[in-house]
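Subject: Structure for your review

Dear colleague,

Please find the structure below, handed over for your review. I would be grateful if you could read the notes that follow alongside it.

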Amino acid sequence: MGIRVRDLALRFHRHVIFENLSFDIEPGQFVALLGSSGVGKSSLLKIIAGLQSPSAGSVTATDGGPVPGRIAYMGQQDLLYPWLTLRQNVTLGARLRGEKPDLDWADHLIERVGLTKRRDALPMMLSGGMRQRAAIARTLYERKQIVLMDEPFSALDAITRASVQDLAAELLADATALLITHDPMEACRLGKVLLVLSGGPAKLDAPMVIPGAIPRHQDEPHVVAAQAALLRRFQELQS
Ligand SMILES: Nc1ncnc2c1ncn2[C@@H]1O[C@H](COP(=O)(O)OP(=O)(O)OP(=O)(O)O)[C@@H](O)[C@H]1O
């Protein structure tokens, strides 16, 4: 199941963040969304998630169904419940739905994000990067067809970041994923398609398609070339 965005607009009084924004995300595609701070990326993601209303336009699934309810969303704030342990936070969705949590799956994910020793810790006992990894595990726990993530790896050190990126690429291989990032390398390692949002009102560049299976190695020629193209584009936008 993919996502179809049509003629989306977001305005705050006379401040137009974007308008006439239309694009498709194909089923099973991993898309990275980039753009300068304040351009409207998080707002766009929240609108797609159904957490914010657009001023105009529509978001539908390519199978004609609604998007909300079929997505996992990870915002910039980890939103871990302070009174629940890490493991209880990872399985929160199941608890909220009144289902029995799949503890084997939760423990597997907690192990893959390197937090087994912290499984029973409360969020206040975790570092910022650990909390972010817990939020990633909670997002992946859901096994949804559409996954929306807003800078999910921003608080991680380089080595942890690469390993959690690989985990996300592996577990989201069949999902439709939209990931906001400020990191060109991350976008080029994970994105099948890169979307750059720029300007005010913001517009999308023509999508940049990167060949090759993900996660790509940072030394792959496609990655190096795409990263250079992105940096050139960002320099253009600054000048
Ligand atoms: N409730 C609001 N009222 C007025 N303006 C708002 C409101 N919410 C967001 N904005 C404005 O909308 C614009 C887009 O914000 P958004 O958070 O989507 O940007 P972003 O590209 O995700 O930024 P960043 O990369 O820094 O997270 C910003 O200029 C912001 O000030």
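Predicted model: local features only at pLDDT ≥ 70, side-chain atom pairs only at ≥ 80, totals over all residues.

Strand β3

Strand β3 spans residues 30-34, and five of its five residues are buried, so this strand is largely enclosed by the rest of the structure. Phe30, Ala32 and Leu34 point one way from β3, while Val31 and Leu33 point the other way. In a regular strand, side chains alternate between the two faces of the sheet. Here the residues on either side of β3 are all buried.

Two strands pair with β3. Strand β7 (residues 176-180) runs parallel to β3 and is joined to it by four bridges; Leu33 has Ile180 as its bridge partner in β7. Strand β8 (residues 193-198) is likewise parallel to β3, again with four bridges, and there Val31 is partnered by Val193.

The ligand shell

The residues surrounding the ligand are Phe12, Ile17, Gly35, Ser37, Gly38, Val39, Gly40, Lys41, Ser42 and Ser43. Helix α1 supplies the largest share of the shell, with three residues.

Leu44 in helix α1

Leu44 belongs to helix α1, which covers residues 41-49. Leu44 counts as buried because its C-beta atom has 30 neighbours inside 10 Å, where 20 or more are required. The C-alpha atoms of Leu44 and Ile17 are 9.7 Å apart, although 27 residues separate the two along the chain. Ile17 is also one of the residues around the ligand.

With kind regards

Conventions:
Residues numbered from 1 in each chain as written. Buried ≥ 20, exposed ≤ 12 C-beta atoms within 10 Å, placed from the backbone. Near = placed C-beta within 6 Å. Pairing = 2+ DSSP bridges.
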